[in-house]
Amino acid sequence: MLSMKFEIDDGSPLASAVAAYEKEDYQEAFALFMDLAEQGNPDAKAWIAAMYVNGEGVTASLPTAVEYYRESAEAGNVLAQTNLGAMLAMGQGTARDEAEGVRWLTKAAEKGDIFAQYNLATLYSKGESIPADHALAAKWYRAAAEAGHYPSQARLGFFYANGVGVTKDRVEAYVWLSLAAQHGVGTALNSLEALVGQMSTEEKRQGLALVEAWRSRTSEISRHARLQPRLG
C-alpha cells in the first residue's frame with residue numbers, strides 16, 4: 001500500500017505546483033516540481049516520483065519513480081521513505097529487497113506514518129524474505145489501528161482473537177474488529193460475528209465501552225462509519 005498523503009504549507013514554494021496539479025494541469029505541475037527538484041527540494045522530488053508512478057504529465061516509469069523517492073527519502077521526506085520501502089519490498093521498479101524495504105518503512109513508521117506502519121506489520125506477519133515476527137507485527141498494526149487505519153484494526157482484532165503476537169483477549173479483539181467492521185471491512189464483520197458468540201456478558205459490556213471510548217478519540221474518522229457495532 002503506497003502512501004498518497006501530501007501535507008503542503010500554503011506559503012511554501014510548492015504551492016503553485018500543487019495548485020496546478022489539483023487543477024489536473026499535470027504538464028505544468030510537473031515542470032514546476034522539476035524546477036524545485038533541481039534546486040534540491042525533497043518534497044518536490046516526492047511529488048515527481050508519484051507522478052512517474054501514475055503517469056501524470058509524464059510517461060509512467062516505476063524505476064524513475066524509485067530514483068526520485070530514494071533521493072527524497074534520503075533527505076528525510078517521510079512519504080518518500082514509506083513509498084520507497086513499499087516498492088523495494090514488492091519489487092516494483094527495482095529489484096525486490098524486503099530487508100532494505102523494512103529499513104525505510106521503519107524510519108517512516110517511527111515518525112508516525114500509518115501506511116508505513118501497516119506495510120511493516122504486514123511484512124513481519126507474512127515472514128517471507130524476512131523472518132516472521134508476530135510481536136512486531138502486532139506492535140505496528142496497533143500503532144496504525146490507534147490512528148484509525150481500518151485494515152490495521154481488522155488485523156489487530158484477528159491477532160487478539162487468535163493470540164497471534166499478543167495474549168489472546170476477546171475484549172481487545174471485539175474492540176478492534178468492531179472499529180474496522182463499522183467502516184465496512186467485511187472480514188472484520190465476519191470475525192466479529194463469530195467472536196460475539198464466545199463472549200461473556202461482562203466481556204461484551206467492557207468491549208462496547210472501549211469501542212465508544214476509541215470512537216470518541218477518533219471522532220472525525222468514526223463520523224464516517226457505515227455500520228455501528230452491536231452486541232449479539
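Me: Before we start, what counts as a salt bridge here?
Reply: A salt bridge is a side-chain nitrogen of Lys or Arg within 4 Å of a carboxyl oxygen of Asp or Glu. This is a predicted model.

Me: How many salt bridges does a search of the whole structure find?
Reply: Nine salt bridges turn up. One of them joins E100 to R70, with the closest N and O atoms 4.0 Å apart. That pair links distant parts of the chain: E100 sits in helix α6 and R70 in helix α4, 30 residues apart.

Me: Is R70 buried, exposed or partly exposed?
Reply: R70 counts as partly exposed, at 27% relative accessibility. E100 is among the buried residues of α6.

Me: Which residues are linked in a network with R70?
Reply: E100 and R103 are linked with R70 in a network of salt bridges.

Me: What does R96 pair with?
Reply: R96 forms a salt bridge with E98, and their closest N and O atoms are 2.6 Å apart. The side chains of R96 and E128 also meet in a salt bridge, at 3.0 Å from N to O. E128 lies in the loop between α7 and α8, and R96 in the loop between α5 and α6, so this pair ties together parts that are 32 residues apart in sequence.

Me: How accessible are R96, E98 and E128?
Reply: R96 is partly exposed, at 48% relative accessibility. E98 is buried because its value is 4%, and buried means under 20%. E128 is exposed, with a relative accessible area of 53%.

Me: Switching to α6. How far apart are its end C-alpha atoms?
Reply: They are 18 Å apart. Helix α6 has 13 residues, 98-110, and at 1.5 Å a residue it should span 18 Å, so the two agree.

Me: What do the buried residues of α6 pack against?
Reply: They pack against α4, α5, α7 and α8. The buried set includes V102, W104 and L105.

Me: What's going on at the ends of α6?
Reply: D97 caps the N-terminal end. A side-chain oxygen of D97 lies 3.3 Å from the backbone nitrogen of A99. Just after α6, G112 takes a positive phi of about 95°.

Me: New topic. Which residues have the most contacts inside the largest nonpolar core?
Reply: They are L120, Y124, Y141, Y174, W176 and A188, in a core of 38 residues. Helices α6, α7, α8, α9, α10, α11 and α12 each supply at least two residues of this core. Helix α10 gives the most, with eight.

Me: What does Y141 touch?
Reply: Leaving out residues up to four places away in sequence, Y141 touches Y118, A121, T122, S125, S152, R155, L156 and F159.

Me: And where is S125, and is S125 buried or exposed?
Reply: S125 lies in helix α7. S125 is buried, with a relative accessible area of 17%. Beyond four places in sequence, S125 contacts A132, H134, A137, Y141, R155 and F159.

Me: Last one. Where is confidence lowest and where highest?
Reply: Helix α13, residues 219-222, is lowest, at a mean of 51, and α4 is highest, at 97. The chain averages a pLDDT of 88, and 89% of the residues score at least 70.

Me: Where does pLDDT stay under 50?
Reply: Over residues 222-232, for which the model has 25 contacts beyond four places in sequence. Where pLDDT is low, the predicted coordinates should not be read in detail.

Technical notes: Residues numbered from 1 in each chain as written. Predicted model: local features only at pLDDT ≥ 70, side-chain atom pairs only at ≥ 80, totals over all residues. Heavy atoms only, no water. Helix = DSSP H or I, 4+ residues; strand = E, 2+ residues; numbered from the N terminus. Expected span 1.5 Å × (residues − 1). Buried < 20%, exposed > 50% of the residue type's maximum accessible area, 1.4 Å probe, protein only. Contact = heavy atoms within 4.5 Å. Polar contact = N/O pair within 3.5 Å; in protein donor to acceptor, adjacent residues only side chain to side chain. pLDDT = per-residue confidence, 0-100. Core = buried A, V, L, I, M, F, W, Y, C linked by side-chain atoms within 4.5 Å.
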